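Please look over the model below before reading on. My notes follow as numbered points.

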Amino acid sequence: MTTATPPSPPSASLPRPAALANGASPGTATTEVTILPHPDLCPTGLRFAARTGRKLVDELLQAGVAIEHACEKVGACATCHVHVRSGADALQPADDEEEDQLDDAWGVDAQSRLSCCVQVRGPALVIELPRYTKNHAREK
Ligand code: FES
């Protein structure tokens, strides 16, 4: 009588990357973020693993998307406006202060958020960057 050794799970034998592209260590909880193509900021679109719990604006910048953030990410300028086209159900809803700032953003719709007010959550997010921002500092 022979006994067979059960095969190990495939993932156990695969090498793990030393770090994710955004500098997160393996094992860090991540959310797959897809950026839809934007003619200036991301012409071909982008998909990357964002660190769950981090500000979306920081993860976008870390991934090389040069989104504006004129107030240095304190929710006071609306230049970091994005549209969350998918995955918004996993996010905390906007509070009154964020809603007030969004009133000044260009092209606001029901899926608009300020990326400095959004903590990355959930399995996946699809983000569309607005064509324009309302950046008073750049209008001089
Ligand atoms: S960076 Fe100013 S509101 Fe987000």
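1. Strand β1 (residues 30-35) runs antiparallel to β2, and six bridges join them. I35 lies opposite L46 in β2. Strands count as paired if DSSP finds at least two bridges between them.

2. A caution on the source. This is a predicted model: local features need pLDDT of at least 70, side-chain atom pairs count only at pLDDT 80 or more, and totals for chains, interfaces and linings use all residues. Residues are numbered from 1 along each chain as its sequence is written.

3. The protein chain has three helices and five strands. Their pattern along the sequence is α-β-β-α-β-α-β-β. Helices (H or I, at least four residues) and strands (E, at least two) are DSSP runs, numbered from the N terminus.

4. The five strands form an open sheet, ordered β2-β1-β5-β3-β4, with mixed pairing. β2 (46-51) and β4 (112-114) are at the edges with a single partner strand each, so one side of each has no neighbour in the sheet.

5. The largest nonpolar core has 22 residues, and V57, I67, L114 and I127 touch the most other members. Such a core is a set of buried Ala, Val, Leu, Ile, Met, Phe, Trp, Tyr and Cys residues joined through C-beta atoms within 7 Å. Buried means that 20 or more other C-beta atoms lie within 10 Å of a residue's own, with C-beta atoms placed from the backbone. β1, α2 (56-62), β3 (81-86) and β5 (124-128) each give two or more residues to this core. α2 gives the most, with three.

6. Of the 140 residues in the protein chain, 24% are buried.

Technical notes. Buried ≥ 20, exposed ≤ 12 C-beta atoms within 10 Å, placed from the backbone.
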